[in-house]
Amino acid sequence: MSGALVTLAAGPAGANTAELVVDYRCTGGPGTIVQNGPVKLRTRVTVPTTLSVGEPLNIGWALDYKDASRFGSPGYFAPGGKVAVTGDVELSGVWTGVLKPVGSAEQSGQLEPGTILELPANISDSAHTEKAGTVKVTPRKLFVDFTPPAGEVMVNDDDQRVKYETGYWEDLNDQPANNNDHHHDIHRTVEQGATASLSFTGTGIEYVAQRDFRAGKARFYIDGKPATPAYIDASKMSDGTPSNDANRGGLTLWKFHGLNYGKHVVQVVNDEHGKWTQLDAFRVITKELAEPPTEHRATCTLVSAPVSVNVTISGGGTQSPTPTVTPTITPTCVTMPTPTPTSSPSATPPCNPTPTVTPTVTPTVTPTITPTCVIMPTPTPTSSPTPSPTCRPTTSPTPTVTPSSSNTGQGNTNTSTPKPTLTVTATVTPTRATPTTPQVTVVPSGGAQTGEASDDGPSGMGLIGGGTAMVIGSVLGGVALKRRQAAHVRGRG
């Protein structure tokens, strides 16, 4: 499409961009910075094509002249004038609105009417993305404004903008330096009604000429109307007394300030025949302006039909909060059953408590479970010895002894048949309640409420071993008792 080309620049995800090459034609009326017909611009608009919610939508706009046409200064100005360009970017889709990319360039030198103005290299604007979806970005018009600096500039008598409208004006160059004439030249007339004029843009004007006893009255007009003061007499001092000066140049003899900013015309008219009216220079005054004057604005429209870029905005990801882990420990105490002997009672460790710790997460506290196994014999005489060691957890050792005997006498015959019953009771007692924290690391010995026993006392394995020894001793004692009883019976027989 003529005047609107689209190129894509690939990059990392979320950073793809599209570049629109768009041509403009800029126009303006009298007093604008469009001096000699339309000014053509070639611009490059850069737009990101993919974004995430929260990332800014940045619009960049590079500017340049397309051909030899240029913007020009609308008047005489001191250095420091500013050219500002404002873009108009239409947003539609999930958003509706307008972005205004803005950029400016300060003019480095003193300006005269028609002096070429420099453009800002780039203008830009951005918007904050708050909603996911698709936004269509369409560049529209450009506006070019000129803001003059506060200051003053001299316009010499031989400047082409100074018009000698009526009468004869002599051009006197190479004046003596001690005359102090601006650029060492002046124009002079002796014809009554001879007129010179200057069109200027500003807020004030001053008239610079020589004070000389041969000069006369000169009248002044601003925009066709008598100024205030309406005239001066260059042959007299400021207090109205006659002057004896001759060719005393470079003096400000008349001034008019307080004009509204804009374009004005000043006229100087010789009021006395045969008397000198001279023109050395005009001083143009411009006060500081808060805003760019609208009379200098140029409006730029697209040469071709509008071209758009679609920007895809995806939803921003959120981070999950760090979970809080509560460790859980489930201690388990398993008591191993004691096998029943078949022929003769034998001592077998009846209790083998094995704590099993199953943590769900990595623990930071070490609980210690110290089981205690106590074996208590319970002899019960019966007709036949049947030792049955058992192990059951109790809160306290409770020995139970149930003797049973039978004596039937027939003459001198006395028969006794003992029937002992051996009951073994094992008590497993943890040193504290079921711990709620897992056993992983070692904490200082004897720490209160840590689940760990002090290193100074017996270990868990020592207690288990002691309990086992007690069981074996009890069983062996019962066996020995049985044998003594059997020997006693045989001796009586």
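Where is the place of Gln-107? In this predicted model, Gln-107 sits in the loop that links strand 8 (102-106) with strand 9 (122-128).

Start with strand 2 (residues 17-27), which runs antiparallel to strand 3 (residues 39-48) and is joined to it by 10 bridges. If you want a spot to look for, find Thr-17, which stands opposite Pro-48 of strand 3. Strand 3 also pairs with strand 5 (residues 56-65), again antiparallel, through 6 bridges.

Now move on to strand 6 (residues 82-93), which is antiparallel to strand 8 and connected to it by 5 bridges. Within this pairing, Val-85 has Gly-103 as its bridge partner. Gly-103 also belongs, with Ala-105, to the covered face of strand 8, while Val-102, Ser-104 and Glu-106 make up the uncovered face. In a regular strand, side chains alternate between the two faces of the sheet.

Is Gln-107 buried or exposed? Its relative accessibility is 3%, and buried means under 20%, so Gln-107 counts as buried. Beyond its neighbours within four places in sequence, Gln-107 is in contact with Pro-79, Gly-80, Gly-81, Lys-82 and Val-83, and also with Ile-116, Leu-117 and Glu-118. With Glu-118 there is a further detail to look at: the side chain of Gln-107 reaches the backbone nitrogen of Glu-118 at 2.8 Å.

Conventions:
Residues numbered from 1 in each chain as written. Predicted model: local features only at pLDDT ≥ 70, side-chain atom pairs only at ≥ 80, totals over all residues. Heavy atoms only, no water. Helix = DSSP H or I, 4+ residues; strand = E, 2+ residues; numbered from the N terminus. Buried < 20%, exposed > 50% of the residue type's maximum accessible area, 1.4 Å probe, protein only. Polar contact = N/O pair within 3.5 Å; in protein donor to acceptor, adjacent residues only side chain to side chain. Contact = heavy atoms within 4.5 Å. Pairing = 2+ DSSP bridges.
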